[in-house]
Amino acid sequence: MNFDVRDLRWYIAVAEELHFARAAKSLNIARTRLSRTVIDLEESLGFSLFVPGASPTQLTEQGAEFLLEARRLVAEDEERVAAEAAARTDPTFTIGYTEGVTLTKWTRIWAERIPGVELRLVPTTVETQLLPLADESADVCFVRLPIDRDGRSVITLYEEQLVVVVPKDHPVAAYDRVPVTDLADEHLLQDADEVPEWASVATEIADGSRLAPIEVESNAQLFEYVAAGLGIAVVPQSIARLHSRRDLVYRPVDGVASSPIAVAWPTDRTTELVEEFVGIVRGRSVRSSRGSTTPAAQTRKKAAPKKKPQPTASKGRKGSPPSKRGKRG
């Protein structure tokens with residue numbers, strides 16, 4: 001039977017923690033998603049991995065046996081990945097990037113400055129954005145903050161405006177911008193913790209009528225629910241653009257915190273290539289580069305000839321020298 005290595009890693013995390021919430025936090029994924037993965041794994045195996053209803057969480061006898069098998073399979077996969085990496089003759093640099101991040105500018109500059117090192121790109125989501133760093137399949141990752149910074153170097157690059165996504169015939173579509181207070185009577189399809197400013201004014205939270213948010217697997221699915229009229233979504237503007245649809249519109253929301261984008265990498269894996277890439281995303285010029293990281297030798301610039309000393313002039317005195325709401329269209 002073939003297993004997804006990611007699913008095995010998630011199962012191992014739960015089996016070692018014996019606590020779904022703690023395991024989900026350590027993996028930086030939603031608890032519901034982790035539970036669904038374990039259930040799917042149990043259905044594939046044909047037996048329960050955990051004792052149903054047990055508190056605290058307990059492994060079944062078959063679950064304990066499968067834990068050994070899962071660890072073996074993950075270890076074999078890690079050995080295979082390491083062997084493939086060692087067998088590659090051409091140097092590579094791998095970048096993970098969360099949904100909504102555009103890499104074109106930085107990859108173009110990289111190709112110009114370091115043509116001898118191939119770039120590899122790994123797309124992620126907010127839930128999975130740290131996994132390539134954890135399993136060492138990426139050198140750096142573009143992530144959406146906040147993240148766990150323990151053992152990681154993190155540089156914030158820019159911040160994104162949040163927008164509300166609604167059906168095109170929704171009243172909000174008539175405005176250029178909308179304050180978060182005007183969304184108080186709307187139903188947010190996401191977890192309220194994702195937009196605390198909305199939660200603080202939401203009518204359905206104040207009166208206790210809010211239902212549990214619908215479980216979604218992707219932003220595309222979230223937008224499908226918005227189009228169906230089930231509620232609104234508040235997301236970074238790049239996400240709204242990425243999943244743009246003719247039956248939906250999005251408008252900037254005033255009164256909510258922005259969404260920061262950062263580049264992150266394990267501090268103990270700060271290589272020359274990592275420093276070179278960080279320099280590129282921070283706008284460092286070629287002249288200020290921290291030395292050659294290209295496999296091929298780079299041409300050094302000739303030192304400028306020393307200028308002859310000029311007569312020193314006598315010293316003298318130095319010469320003086322939140323947003324307005326849009327109008328209805």
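Buried residues have under 20% relative accessible area, exposed ones over 50%, and partly exposed ones lie in between (1.4 Å probe, protein chains only). The model shown is predicted: local features need pLDDT of at least 70, side-chain atom pairs count only at pLDDT 80 or more, and totals for chains, interfaces and linings use all residues. Residues are numbered from 1 along each chain as its sequence is written, and side-chain values use heavy atoms, with hydrogens and water left out.

**View 1. An open sheet of 5 strands.** The strand order is β2-β1-β3-β9-β4, with mixed pairing. Strands (E, at least two residues) and helices (H or I, at least four) are DSSP runs numbered from the N terminus, and two strands pair if DSSP finds at least two bridges between them. β2 (118–124) and β4 (152–160) are at the edges with a single partner strand each, so one side of each has no neighbour in the sheet. β4 and β9 (residues 259–266) run antiparallel and are joined by 8 bridges. Valine 154 has alanine 264 in β9 as its bridge partner.

**View 2. Helices on the sheet.** Helix α5 (residues 104–113) packs on the sheet and touches β1 (92–98), β2, β3 (140–144) and β4; contact means heavy atoms within 4.5 Å. The direction of α5 makes about 165° with that of β2. Helix α11 (residues 272–281) lies across β1, β3, β4 and β9, at about 45° to β1. Axes are lines fitted to C-alpha atoms, for helices over the stretch in contact, and angles run from 0 to 180 degrees between N-to-C directions.

**View 3. An aromatic pair, phenylalanine 142 and phenylalanine 277.** Rings of Phe, Tyr and Trp (its six-membered ring) pair if their centres lie within 6.5 Å; planes under 30 degrees apart are stacked, over 60 edge-to-face, and the rest tilted. The whole structure has 9 aromatic pairs. This one is edge-to-face, with 5.8 Å between centres and 80° between planes. It links strand β3, which holds phenylalanine 142, to helix α11, which holds phenylalanine 277, 135 residues apart. Phenylalanine 142 is buried at 0% relative accessible area, and phenylalanine 277 is buried at 1%.

**View 4. The largest nonpolar core, with 22 residues.** Such a core is a set of buried Ala, Val, Leu, Ile, Met, Phe, Trp, Tyr and Cys residues joined through side-chain atoms within 4.5 Å. Tyr11, Leu34, Leu49, Phe50 and Phe66 have the most contacts inside this core. α1 (5–17), α2 (20–27), α3 (31–45) and α4 (61–87) each supply at least two of its residues; α1 gives the most, 7 residues.
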